[in-house]
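Trainee: I would like to learn how to read a structure such as this one, feature by feature. Could we look at it together?

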Amino acid sequence: MIQLSKISKSFGRNPVLRDISLNVGTGEVVVILGASGSGKTTLLRCINYLEKPGSGEIAVGDLRVDCSRARRSDILRLRRKTAMVFQQYNLFRHKTALENVMEALLVVKKLPLAEARRRSVELLEKVGLGAKLDAYPSRLSGGQQQRVGIARALALEPEVILFDEPTSALDPELVGEVLEVIRAIAKEGITMIVVTHEMGFARDVANRVVFMDGGLIVEEGTPDEVFQRPREERTKQFLRRITPEANYSI
Amino acid sequence: MQLDPSFIWTAFVQLLGAIPTTLSITVVSVSAGFLIGTVTALLRLYRVPVLSQIASAYVTFIRGTPMLTHLLLIYFGLPMIIDALAAQFGWSFRAVSIPMIGFAYISFSITAGAYMSEVVRAGIQAVDRGQLEAAQSVGMTQIQSLRRIVFPQALAAALPNLANSVIGMLHGSTLAFAVSVVDINAQAQIVASTNWKFFEAYLAAALIFWGLTVLIERAAALIEKRVGAYNRGGVA
Ligand SMILES: Nc1ncnc2c1ncn2[C@@H]1O[C@H](COP(=O)(O)OP(=O)(O)OP(=O)(O)O)[C@@H](O)[C@H]1O
Ligand SMILES: [Mg+2]
(Lines give C-alpha, C1' and ligand atoms only; values in the text may rest on other atoms or scores of the structure.)
(Ligands and ions follow the chains in the order given, each with its own letter.)
Protein backbone atom coordinates (compact mmCIF):
# COMPACT_ATOMS: atom_id res chain seq x y z
CA MET A 1 0.00 0.00 0.00
CA ILE A 2 1.43 3.31 -1.13
CA GLN A 3 0.13 6.63 0.07
CA LEU A 4 1.44 9.88 -1.29
CA SER A 5 0.15 12.92 0.50
CA LYS A 6 0.66 16.44 -0.77
CA ILE A 7 3.97 15.84 -2.47
CA SER A 8 5.45 19.08 -3.76
CA LYS A 9 8.65 19.64 -5.61
CA SER A 10 10.22 22.65 -7.25
CA PHE A 11 13.36 23.00 -9.26
CA GLY A 12 14.52 26.46 -8.28
CA ARG A 13 11.49 28.66 -8.87
CA ASN A 14 9.84 26.17 -11.16
CA PRO A 15 7.15 24.17 -9.35
CA VAL A 16 7.04 20.72 -10.92
CA LEU A 17 4.79 18.84 -8.52
CA ARG A 18 1.99 20.63 -6.71
CA ASP A 19 0.47 18.83 -3.76
CA ILE A 20 0.21 15.46 -5.40
CA SER A 21 -1.79 12.90 -3.44
CA LEU A 22 -2.18 9.36 -4.66
CA ASN A 23 -3.06 6.03 -3.08
CA VAL A 24 -2.08 2.76 -4.64
CA GLY A 25 -3.45 -0.42 -3.16
CA THR A 26 -1.49 -3.64 -2.82
CA GLY A 27 -1.36 -5.47 -6.12
CA GLU A 28 -2.73 -2.50 -8.00
CA VAL A 29 -1.28 -1.35 -11.30
CA VAL A 30 -1.47 2.39 -11.80
CA VAL A 31 -0.53 3.93 -15.13
CA ILE A 32 0.46 7.58 -15.19
CA LEU A 33 -0.12 9.55 -18.36
CA GLY A 34 0.71 13.11 -19.15
CA ALA A 35 2.42 15.39 -21.61
CA SER A 36 6.15 15.90 -21.62
CA GLY A 37 7.20 18.07 -18.69
CA SER A 38 4.06 17.37 -16.67
CA GLY A 39 6.14 15.91 -13.82
CA LYS A 40 5.68 12.14 -14.24
CA THR A 41 9.35 11.26 -13.96
CA THR A 42 9.81 13.65 -11.08
CA LEU A 43 6.95 12.02 -9.20
CA LEU A 44 8.42 8.53 -9.58
CA ARG A 45 11.85 9.78 -8.60
CA CYS A 46 10.39 11.38 -5.49
CA ILE A 47 8.81 8.09 -4.44
CA ASN A 48 12.24 6.43 -4.76
CA TYR A 49 13.83 9.51 -3.17
CA LEU A 50 16.19 10.01 -6.08
CA GLU A 51 14.68 13.46 -5.98
CA LYS A 52 14.05 15.06 -2.63
CA PRO A 53 10.47 16.30 -2.43
CA GLY A 54 10.09 19.77 -0.98
CA SER A 55 7.24 18.68 1.25
CA GLY A 56 4.64 16.00 1.71
CA GLU A 57 4.54 12.50 3.04
CA ILE A 58 5.33 9.16 1.46
CA ALA A 59 4.02 6.01 3.07
CA VAL A 60 4.98 2.59 1.80
CA GLY A 61 3.73 -0.36 3.80
CA ASP A 62 4.42 0.39 7.43
CA LEU A 63 6.99 3.09 6.66
CA ARG A 64 6.03 6.74 6.76
CA VAL A 65 8.44 9.38 5.60
CA ASP A 66 7.78 13.04 6.18
CA CYS A 67 9.73 14.59 3.34
CA SER A 68 10.45 17.85 5.13
CA ARG A 69 12.45 16.03 7.79
CA ALA A 70 13.46 12.69 6.35
CA ARG A 71 16.47 11.06 7.92
CA ARG A 72 19.07 9.18 5.97
CA SER A 73 17.90 5.89 7.48
CA ASP A 74 14.30 6.61 6.39
CA ILE A 75 15.49 7.25 2.86
CA LEU A 76 17.41 3.98 2.76
CA ARG A 77 14.42 2.05 4.07
CA LEU A 78 12.15 3.74 1.57
CA ARG A 79 14.47 2.84 -1.27
CA ARG A 80 14.59 -0.76 -0.14
CA LYS A 81 10.81 -0.96 -0.30
CA THR A 82 10.63 0.60 -3.74
CA ALA A 83 12.42 -0.23 -6.96
CA MET A 84 12.85 1.71 -10.15
CA VAL A 85 13.01 0.58 -13.75
CA PHE A 86 14.67 3.34 -15.72
CA GLN A 87 13.94 4.59 -19.19
CA GLN A 88 17.65 4.23 -20.06
CA TYR A 89 17.91 0.87 -18.21
CA ASN A 90 20.91 2.09 -16.15
CA LEU A 91 22.31 -1.38 -15.74
CA PHE A 92 25.63 -1.50 -13.92
CA ARG A 93 27.86 -1.45 -16.96
CA HIS A 94 30.79 -3.26 -15.39
CA LYS A 95 28.68 -6.14 -14.15
CA THR A 96 27.15 -9.06 -15.98
CA ALA A 97 23.41 -9.59 -16.16
CA LEU A 98 23.65 -12.00 -13.24
CA GLU A 99 25.84 -9.66 -11.19
CA ASN A 100 23.44 -6.80 -11.85
CA VAL A 101 20.62 -8.72 -10.25
CA MET A 102 22.76 -10.15 -7.46
CA GLU A 103 24.32 -6.87 -6.44
CA ALA A 104 21.57 -5.62 -4.15
CA LEU A 105 20.95 -9.08 -2.72
CA LEU A 106 24.59 -9.28 -1.68
CA VAL A 107 25.18 -5.71 -0.63
CA VAL A 108 21.81 -4.59 0.66
CA LYS A 109 20.15 -7.80 1.80
CA LYS A 110 23.49 -9.40 2.67
CA LEU A 111 22.41 -12.81 1.41
CA PRO A 112 25.06 -15.51 1.12
CA LEU A 113 26.53 -15.77 -2.36
CA ALA A 114 24.93 -19.10 -3.27
CA GLU A 115 21.49 -17.96 -2.20
CA ALA A 116 21.82 -14.62 -4.01
CA ARG A 117 22.97 -16.44 -7.11
CA ARG A 118 20.15 -18.94 -7.03
CA ARG A 119 17.51 -16.27 -6.71
CA SER A 120 19.07 -14.09 -9.39
CA VAL A 121 19.25 -16.95 -11.87
CA GLU A 122 15.60 -17.69 -11.14
CA LEU A 123 14.62 -14.08 -11.82
CA LEU A 124 16.62 -13.87 -15.01
CA GLU A 125 15.02 -17.09 -16.23
CA LYS A 126 11.66 -15.60 -15.44
CA VAL A 127 12.35 -12.60 -17.70
CA GLY A 128 13.60 -14.95 -20.40
CA LEU A 129 17.32 -14.33 -20.01
CA GLY A 130 18.47 -17.62 -18.56
CA ALA A 131 20.92 -17.90 -21.45
CA LYS A 132 22.49 -14.48 -20.92
CA LEU A 133 23.60 -14.68 -17.31
CA ASP A 134 27.23 -13.86 -18.01
CA ALA A 135 26.71 -11.21 -20.66
CA TYR A 136 27.68 -7.62 -19.96
CA PRO A 137 25.04 -4.98 -20.72
CA SER A 138 27.01 -3.80 -23.76
CA ARG A 139 26.40 -7.23 -25.28
CA LEU A 140 22.64 -7.12 -24.77
CA SER A 141 19.93 -5.59 -26.89
CA GLY A 142 17.87 -2.78 -25.40
CA GLY A 143 14.99 -5.15 -24.74
CA GLN A 144 17.27 -7.61 -23.01
CA GLN A 145 18.86 -4.86 -20.94
CA GLN A 146 15.48 -3.62 -19.84
CA ARG A 147 14.45 -7.14 -18.85
CA VAL A 148 17.60 -7.38 -16.72
CA GLY A 149 16.55 -4.04 -15.24
CA ILE A 150 13.19 -5.53 -14.35
CA ALA A 151 14.80 -8.60 -12.79
CA ARG A 152 17.08 -6.32 -10.78
CA ALA A 153 14.05 -4.38 -9.55
CA LEU A 154 12.24 -7.58 -8.59
CA ALA A 155 15.23 -8.97 -6.69
CA LEU A 156 14.65 -7.06 -3.48
CA GLU A 157 10.98 -8.00 -3.46
CA PRO A 158 9.95 -4.36 -3.18
CA GLU A 159 6.46 -3.34 -2.18
CA VAL A 160 6.17 -1.31 -5.36
CA ILE A 161 8.03 -1.16 -8.66
CA LEU A 162 8.19 2.17 -10.43
CA PHE A 163 8.52 2.06 -14.21
CA ASP A 164 9.53 5.26 -15.98
CA GLU A 165 8.71 4.86 -19.66
CA PRO A 166 10.35 1.45 -19.68
CA THR A 167 9.93 0.94 -23.42
CA SER A 168 10.35 4.40 -24.86
CA ALA A 169 14.07 4.01 -25.55
CA LEU A 170 13.50 0.73 -27.37
CA ASP A 171 13.31 -0.04 -31.04
CA PRO A 172 9.66 -0.74 -31.86
CA GLU A 173 10.23 -4.44 -32.46
CA LEU A 174 11.66 -4.84 -28.94
CA VAL A 175 8.81 -3.12 -27.12
CA GLY A 176 6.62 -6.22 -27.11
CA GLU A 177 9.03 -8.50 -25.25
CA VAL A 178 9.43 -5.99 -22.44
CA LEU A 179 5.72 -5.26 -22.12
CA GLU A 180 5.11 -8.99 -22.05
CA VAL A 181 7.37 -9.34 -19.02
CA ILE A 182 5.76 -6.40 -17.24
CA ARG A 183 2.32 -7.82 -17.98
CA ALA A 184 3.35 -11.16 -16.51
CA ILE A 185 4.60 -9.70 -13.25
CA ALA A 186 1.54 -7.47 -13.01
CA LYS A 187 -0.55 -10.67 -13.10
CA GLU A 188 1.43 -11.98 -10.14
CA GLY A 189 0.00 -9.19 -8.07
CA ILE A 190 3.06 -7.00 -7.77
CA THR A 191 2.18 -3.38 -7.10
CA MET A 192 3.32 -1.12 -9.90
CA ILE A 193 3.26 2.49 -10.92
CA VAL A 194 3.98 2.77 -14.62
CA VAL A 195 4.63 5.88 -16.68
CA THR A 196 4.07 4.90 -20.29
CA HIS A 197 2.69 6.10 -23.56
CA GLU A 198 1.71 2.55 -24.56
CA MET A 199 -2.03 2.97 -24.57
CA GLY A 200 -2.81 -0.62 -25.43
CA PHE A 201 -0.73 -1.79 -22.54
CA ALA A 202 -2.36 0.73 -20.20
CA ARG A 203 -5.81 -0.44 -21.23
CA ASP A 204 -4.97 -4.11 -20.62
CA VAL A 205 -2.96 -3.95 -17.49
CA ALA A 206 -3.89 -0.87 -15.51
CA ASN A 207 -6.40 -1.00 -12.71
CA ARG A 208 -6.31 2.74 -12.68
CA VAL A 209 -5.09 5.50 -14.96
CA VAL A 210 -3.88 8.82 -13.64
CA PHE A 211 -3.54 11.81 -15.92
CA MET A 212 -1.06 14.51 -14.91
CA ASP A 213 -0.68 18.00 -16.26
CA GLY A 214 1.39 20.90 -14.95
CA GLY A 215 2.42 19.04 -11.81
CA LEU A 216 -1.16 18.19 -10.85
CA ILE A 217 -3.25 15.06 -11.08
CA VAL A 218 -5.98 16.30 -13.35
CA GLU A 219 -8.04 13.17 -13.68
CA GLU A 220 -7.99 9.57 -12.56
CA GLY A 221 -10.17 6.54 -13.02
CA THR A 222 -10.36 3.12 -14.59
CA PRO A 223 -8.83 2.81 -18.06
CA ASP A 224 -12.35 2.77 -19.47
CA GLU A 225 -13.35 5.94 -17.71
CA VAL A 226 -10.25 7.86 -18.67
CA PHE A 227 -9.85 6.61 -22.23
CA GLN A 228 -13.50 6.40 -23.28
CA ARG A 229 -15.13 9.12 -21.24
CA PRO A 230 -12.50 11.64 -20.19
CA ARG A 231 -14.08 14.50 -18.26
CA GLU A 232 -11.32 17.07 -18.43
CA GLU A 233 -10.57 19.04 -21.54
CA ARG A 234 -6.82 18.65 -20.99
CA THR A 235 -7.17 14.87 -20.88
CA LYS A 236 -9.20 14.87 -24.07
CA GLN A 237 -6.62 16.99 -25.86
CA PHE A 238 -3.80 14.76 -24.69
CA LEU A 239 -5.58 11.59 -25.74
CA ARG A 240 -6.29 13.02 -29.16
CA ARG A 241 -2.62 13.71 -29.61
CA ILE A 242 -1.35 10.43 -28.22
CA THR A 243 -3.76 8.13 -30.06
CA PRO A 244 -3.59 9.32 -33.63
CA GLU A 245 -4.67 5.95 -35.06
CA ALA A 246 -7.86 7.52 -36.25
CA ASN A 247 -5.87 9.98 -38.36
CA TYR A 248 -4.04 7.23 -40.16
CA SER A 249 -7.07 5.15 -41.04
CA ILE A 250 -8.22 5.86 -44.54
CA MET B 1 85.55 13.47 -28.67
CA GLN B 2 84.74 9.93 -29.76
CA LEU B 3 81.68 7.90 -28.85
CA ASP B 4 82.68 4.95 -26.71
CA PRO B 5 79.99 2.32 -27.27
CA SER B 6 81.46 -0.11 -24.78
CA PHE B 7 81.16 2.47 -22.03
CA ILE B 8 77.41 2.69 -22.66
CA TRP B 9 77.23 -0.93 -21.54
CA THR B 10 79.57 -0.34 -18.60
CA ALA B 11 77.47 2.59 -17.46
CA PHE B 12 74.27 0.65 -18.06
CA VAL B 13 75.39 -2.07 -15.66
CA GLN B 14 76.44 0.45 -13.06
CA LEU B 15 73.10 2.26 -13.30
CA LEU B 16 71.07 -0.84 -12.57
CA GLY B 17 71.79 -0.40 -8.87
CA ALA B 18 69.92 2.91 -8.87
CA ILE B 19 66.73 1.48 -10.35
CA PRO B 20 65.23 0.58 -6.94
CA THR B 21 65.66 4.19 -5.81
CA THR B 22 63.90 5.53 -8.88
CA LEU B 23 61.16 2.95 -8.65
CA SER B 24 60.58 3.47 -4.94
CA ILE B 25 60.16 7.21 -5.46
CA THR B 26 57.75 6.52 -8.30
CA VAL B 27 55.74 3.89 -6.45
CA VAL B 28 55.50 5.91 -3.23
CA SER B 29 54.54 9.15 -4.95
CA VAL B 30 52.02 7.50 -7.25
CA SER B 31 50.36 5.47 -4.46
CA ALA B 32 50.20 8.32 -1.98
CA GLY B 33 49.27 10.68 -4.81
CA PHE B 34 46.40 8.45 -5.82
CA LEU B 35 45.02 8.49 -2.28
CA ILE B 36 45.45 12.25 -1.94
CA GLY B 37 44.02 12.75 -5.42
CA THR B 38 40.96 10.62 -4.72
CA VAL B 39 40.21 12.44 -1.49
CA THR B 40 40.66 15.89 -3.05
CA ALA B 41 38.58 14.89 -6.06
CA LEU B 42 35.73 13.74 -3.81
CA LEU B 43 35.94 16.87 -1.65
CA ARG B 44 35.61 18.98 -4.78
CA LEU B 45 32.92 16.88 -6.46
CA TYR B 46 30.79 16.89 -3.31
CA ARG B 47 31.54 20.56 -2.69
CA VAL B 48 32.31 19.89 0.97
CA PRO B 49 32.29 23.32 2.61
CA VAL B 50 35.74 24.78 3.40
CA LEU B 51 37.58 21.53 2.58
CA SER B 52 36.67 21.75 -1.10
CA GLN B 53 38.08 25.27 -1.28
CA ILE B 54 41.26 24.09 0.38
CA ALA B 55 41.41 21.18 -2.05
CA SER B 56 40.96 23.50 -5.02
CA ALA B 57 43.66 25.84 -3.76
CA TYR B 58 46.01 22.90 -3.27
CA VAL B 59 45.40 21.60 -6.78
CA THR B 60 45.80 24.95 -8.52
CA PHE B 61 48.88 25.90 -6.51
CA ILE B 62 50.67 22.61 -7.10
CA ARG B 63 49.74 22.44 -10.77
CA GLY B 64 50.75 26.06 -11.13
CA THR B 65 54.27 25.60 -9.79
CA PRO B 66 57.19 23.38 -10.89
CA MET B 67 57.78 20.02 -9.28
CA LEU B 68 61.36 21.01 -8.47
CA THR B 69 60.04 24.00 -6.55
CA HIS B 70 57.81 21.71 -4.48
CA LEU B 71 60.83 19.60 -3.60
CA LEU B 72 62.88 22.62 -2.55
CA LEU B 73 60.01 24.10 -0.53
CA ILE B 74 59.56 20.83 1.31
CA TYR B 75 63.29 20.36 1.75
CA PHE B 76 63.80 23.77 3.33
CA GLY B 77 60.37 24.33 4.83
CA LEU B 78 59.49 21.01 6.43
CA PRO B 79 62.50 20.88 8.80
CA MET B 80 61.61 24.34 10.11
CA ILE B 81 58.07 23.22 10.85
CA ILE B 82 59.11 19.91 12.37
CA ASP B 83 61.78 21.41 14.57
CA ALA B 84 59.46 24.16 15.74
CA LEU B 85 56.82 21.58 16.63
CA ALA B 86 59.41 19.37 18.28
CA ALA B 87 60.58 22.26 20.43
CA GLN B 88 56.99 23.14 21.28
CA PHE B 89 55.96 19.65 22.32
CA GLY B 90 59.30 18.40 23.59
CA TRP B 91 59.72 15.62 21.01
CA SER B 92 63.16 14.14 20.66
CA PHE B 93 62.69 13.80 16.90
CA ARG B 94 64.74 16.20 14.78
CA ALA B 95 64.40 17.00 11.11
CA VAL B 96 68.03 16.06 10.46
CA SER B 97 67.11 12.44 10.98
CA ILE B 98 64.78 12.51 7.97
CA PRO B 99 66.58 10.69 5.15
CA MET B 100 67.03 12.69 1.96
CA ILE B 101 64.78 10.36 0.02
CA GLY B 102 62.05 11.10 2.57
CA PHE B 103 61.83 14.64 1.25
CA ALA B 104 61.44 13.28 -2.26
CA TYR B 105 58.69 10.90 -1.13
CA ILE B 106 56.76 13.64 0.63
CA SER B 107 57.13 16.36 -1.95
CA PHE B 108 56.48 14.17 -4.99
CA SER B 109 53.43 12.64 -3.31
CA ILE B 110 52.08 16.14 -2.93
CA THR B 111 52.85 16.86 -6.58
CA ALA B 112 51.30 13.61 -7.79
CA GLY B 113 48.23 14.15 -5.60
CA ALA B 114 47.34 17.38 -7.37
CA TYR B 115 47.75 15.94 -10.85
CA MET B 116 45.97 12.70 -10.02
CA SER B 117 43.13 14.61 -8.41
CA GLU B 118 42.24 15.90 -11.86
CA VAL B 119 42.60 12.44 -13.37
CA VAL B 120 40.35 10.86 -10.75
CA ARG B 121 37.85 13.68 -11.03
CA ALA B 122 37.60 13.27 -14.79
CA GLY B 123 37.20 9.52 -14.30
CA ILE B 124 34.34 9.93 -11.86
CA GLN B 125 32.67 12.50 -14.05
CA ALA B 126 32.89 10.10 -16.97
CA VAL B 127 30.56 7.72 -15.13
CA ASP B 128 26.95 8.26 -16.09
CA ARG B 129 24.83 9.69 -13.32
CA GLY B 130 22.30 6.93 -13.91
CA GLN B 131 24.79 4.42 -12.50
CA LEU B 132 24.77 6.10 -9.11
CA GLU B 133 21.00 6.48 -9.21
CA ALA B 134 20.49 2.83 -10.09
CA ALA B 135 22.65 1.83 -7.14
CA GLN B 136 20.72 4.12 -4.82
CA SER B 137 17.39 2.98 -6.19
CA VAL B 138 18.05 -0.55 -4.93
CA GLY B 139 18.93 0.78 -1.49
CA MET B 140 22.72 0.89 -1.57
CA THR B 141 24.25 3.53 0.66
CA GLN B 142 26.23 6.39 -0.82
CA ILE B 143 29.49 4.71 0.17
CA GLN B 144 28.45 1.34 -1.23
CA SER B 145 27.31 2.96 -4.46
CA LEU B 146 30.59 4.78 -4.87
CA ARG B 147 32.79 1.88 -3.91
CA ARG B 148 31.04 -0.87 -5.85
CA ILE B 149 29.51 0.91 -8.81
CA VAL B 150 31.08 4.31 -9.50
CA PHE B 151 34.75 3.81 -8.62
CA PRO B 152 35.37 0.66 -10.65
CA GLN B 153 33.98 2.37 -13.73
CA ALA B 154 35.77 5.64 -12.96
CA LEU B 155 39.02 3.74 -12.62
CA ALA B 156 38.51 2.02 -15.93
CA ALA B 157 37.83 5.38 -17.55
CA ALA B 158 40.83 6.99 -15.87
CA LEU B 159 43.35 4.23 -16.57
CA PRO B 160 45.03 5.75 -19.63
CA ASN B 161 45.51 9.04 -17.79
CA LEU B 162 46.64 7.27 -14.64
CA ALA B 163 49.28 5.45 -16.68
CA ASN B 164 50.44 8.81 -17.99
CA SER B 165 50.68 10.09 -14.43
CA VAL B 166 52.81 7.13 -13.45
CA ILE B 167 55.14 7.75 -16.38
CA GLY B 168 55.24 11.44 -15.52
CA MET B 169 56.24 10.65 -11.95
CA LEU B 170 58.85 8.13 -13.11
CA HIS B 171 60.50 10.76 -15.25
CA GLY B 172 59.95 13.48 -12.66
CA SER B 173 61.72 11.42 -10.01
CA THR B 174 65.03 12.46 -11.63
CA LEU B 175 64.57 15.81 -9.87
CA ALA B 176 65.37 14.09 -6.59
CA PHE B 177 69.05 14.72 -7.39
CA ALA B 178 68.44 18.24 -6.11
CA VAL B 179 68.31 16.88 -2.58
CA SER B 180 71.24 14.50 -3.15
CA VAL B 181 69.17 11.39 -3.80
CA VAL B 182 71.04 9.12 -6.20
CA ASP B 183 68.48 7.96 -8.72
CA ILE B 184 69.29 6.54 -12.17
CA ASN B 185 70.04 9.95 -13.63
CA ALA B 186 72.21 11.09 -10.73
CA GLN B 187 74.03 7.77 -10.83
CA ALA B 188 74.77 8.38 -14.53
CA GLN B 189 76.42 11.64 -13.62
CA ILE B 190 78.51 9.93 -10.96
CA VAL B 191 79.52 7.13 -13.32
CA ALA B 192 80.60 9.61 -15.95
CA SER B 193 82.42 12.00 -13.68
CA THR B 194 85.53 9.79 -13.57
CA ASN B 195 86.06 9.74 -17.31
CA TRP B 196 83.83 12.53 -18.65
CA LYS B 197 81.89 10.17 -20.88
CA PHE B 198 78.66 11.92 -19.99
CA PHE B 199 76.94 11.25 -23.27
CA GLU B 200 77.39 7.50 -22.97
CA ALA B 201 76.27 7.49 -19.33
CA TYR B 202 73.15 9.54 -19.98
CA LEU B 203 72.39 7.46 -23.03
CA ALA B 204 72.47 4.37 -20.80
CA ALA B 205 70.16 6.17 -18.35
CA ALA B 206 67.81 7.06 -21.18
CA LEU B 207 67.67 3.43 -22.28
CA ILE B 208 66.74 2.33 -18.78
CA PHE B 209 64.00 4.98 -18.49
CA TRP B 210 62.71 4.03 -21.87
CA GLY B 211 62.60 0.37 -20.91
CA LEU B 212 60.78 1.14 -17.64
CA THR B 213 58.32 3.36 -19.47
CA VAL B 214 57.57 0.65 -22.02
CA LEU B 215 56.99 -1.79 -19.16
CA ILE B 216 54.53 0.59 -17.53
CA GLU B 217 52.72 1.11 -20.81
CA ARG B 218 52.48 -2.64 -21.37
CA ALA B 219 51.20 -3.23 -17.86
CA ALA B 220 48.65 -0.45 -18.28
CA ALA B 221 47.47 -1.90 -21.57
CA LEU B 222 47.03 -5.30 -19.95
CA ILE B 223 45.11 -3.88 -17.01
CA GLU B 224 43.02 -1.76 -19.34
CA LYS B 225 42.11 -4.80 -21.35
CA ARG B 226 41.00 -6.69 -18.27
CA VAL B 227 39.26 -3.87 -16.45
CA GLY B 228 37.62 -2.44 -19.54
CA ALA B 229 36.42 -5.78 -20.90
CA TYR B 230 32.82 -4.83 -20.22
CA ASN B 231 33.03 -1.86 -22.54
CA ARG B 232 33.74 -3.89 -25.62
CA GLY B 233 31.10 -6.39 -24.71
CA GLY B 234 33.61 -9.05 -23.70
CA VAL B 235 32.35 -11.94 -21.64
CA ALA B 236 33.91 -12.70 -18.29
N1 LIG C 1 16.98 18.12 -12.44
C2 LIG C 1 16.14 19.07 -12.89
N3 LIG C 1 16.48 20.37 -12.76
C4 LIG C 1 15.63 21.34 -13.18
N5 LIG C 1 14.45 21.11 -13.74
C6 LIG C 1 14.05 19.84 -13.90
C7 LIG C 1 14.89 18.75 -13.48
N8 LIG C 1 14.25 17.60 -13.76
C9 LIG C 1 13.08 17.94 -14.33
N10 LIG C 1 12.96 19.28 -14.41
C11 LIG C 1 11.80 20.01 -14.94
O12 LIG C 1 10.67 19.51 -14.30
C13 LIG C 1 9.58 19.41 -15.21
C14 LIG C 1 8.99 18.04 -15.15
O15 LIG C 1 9.95 17.11 -15.63
P16 LIG C 1 9.68 15.56 -15.68
O17 LIG C 1 10.90 14.93 -16.20
O18 LIG C 1 9.15 15.09 -14.39
O19 LIG C 1 8.54 15.46 -16.77
P20 LIG C 1 7.91 14.19 -17.45
O21 LIG C 1 6.45 14.28 -17.23
O22 LIG C 1 8.58 12.97 -16.99
O23 LIG C 1 8.20 14.44 -18.98
P24 LIG C 1 8.59 13.42 -20.14
O25 LIG C 1 7.32 12.84 -20.65
O26 LIG C 1 9.24 14.28 -21.16
O27 LIG C 1 9.52 12.41 -19.56
C28 LIG C 1 10.12 19.82 -16.55
O29 LIG C 1 9.71 21.15 -16.79
C30 LIG C 1 11.59 19.73 -16.42
O31 LIG C 1 12.21 20.70 -17.21
MG1 LIG D 1 9.80 11.51 -17.92
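Trainee: In which helix is B:V13 found?

Mentor: Before we go further, please keep in mind that this is a predicted model. B:V13 is found in helix α1 of chain B.

Trainee: Is B:V13 buried or exposed, or is it partly exposed?

Mentor: A residue counts as buried under 20% relative accessible area and as exposed over 50%, with partly exposed in between. B:V13 has a relative accessible area of 43%, so it counts as partly exposed. As for its place in space, its C-alpha atom is 25 Å from that of B:A104, and 91 residues separate B:V13 and B:A104 in sequence.

Trainee: Which residues of α1(B) are buried?

Mentor: In α1 of chain B, which spans residues 5-15, the buried residues are B:F7, B:I8, B:A11 and B:L15. When one looks down the axis of α1(B), these residues fall within an arc of 110°, and they therefore line one face of the helix. Their cover includes α2 (19-45), α8 (184-193) and α9 (198-227) of chain B.

Trainee: How many helices and strands does chain B have as a whole?

Mentor: Chain B has nine helices and zero strands, and from the N terminus on its elements run α-α-α-α-α-α-α-α-α. Its C-alpha atoms fill a box of roughly 70 × 55 × 30 Å along the principal axes, and 45% of its 236 residues count as buried. Among the contacts in chain B between residues at least 6 apart in sequence, 79% join residues that are at least 24 apart. The accessible surface of this chain comes to about 12,200 Å², and 69% of that belongs to carbon and sulfur atoms.

Trainee: How should I read a helix in chain A, and which residues of α9(A) are buried?

Mentor: For α9 of chain A, residues 233-242, the buried residues are A:T235, A:F238 and A:L239. Down the axis of α9(A) they fall within an arc of 100°, so they line one face of this helix. They pack against β3 (29-34), β9 (208-213), β10 (216-221) and α8 (223-228) of chain A, while the face of α9(A) turned away from the buried side carries the exposed residues A:R240 and A:R241.

Trainee: Which residues surround ligand 1?

Mentor: Ligand 1 is surrounded by residues of chain A, among them A:F11, A:N14, A:V16, A:G39, A:T41 and A:E165. By class, this shell has three nonpolar, seven polar and two charged residues.

Trainee: What lies 2.7 Å from an oxygen atom of ligand 1?

Mentor: That is a polar side-chain atom of A:K40. An N or O atom in the side chain of A:T42 is 2.5 Å from an oxygen atom of the ligand, and a backbone N or O atom of A:S38 lies 3.3 Å from an oxygen atom of ligand 1. On its own, ligand 1 has 630 Å² of accessible area, of which the protein covers 59%. The elements that give two or more residues to the shell are β2 (14-24) and α1 (40-47) of chain A, and the largest share, three residues, comes from α1(A).

Methods: Residues numbered from 1 in each chain as written. Chains lettered and ligands numbered in written order. Predicted model: local features only at pLDDT ≥ 70, side-chain atom pairs only at ≥ 80, totals over all residues. Heavy atoms only, no water. Near = heavy atom within 4 Å. Polar contact = N/O pair within 3.5 Å; in protein donor to acceptor, adjacent residues only side chain to side chain. Areas by Shrake-Rupley, 256 points an atom, 1.4 Å probe, with all protein chains shown as cover. Helix = DSSP H or I, 4+ residues; strand = E, 2+ residues; numbered from the N terminus. Nonpolar A, V, L, I, M, F, W, Y, C, P; charged D, E, K, R; others polar. Buried < 20%, exposed > 50% of the residue type's maximum accessible area, 1.4 Å probe, protein only. Arc of directions from axis to C-beta. Contact = heavy atoms within 4.5 Å.
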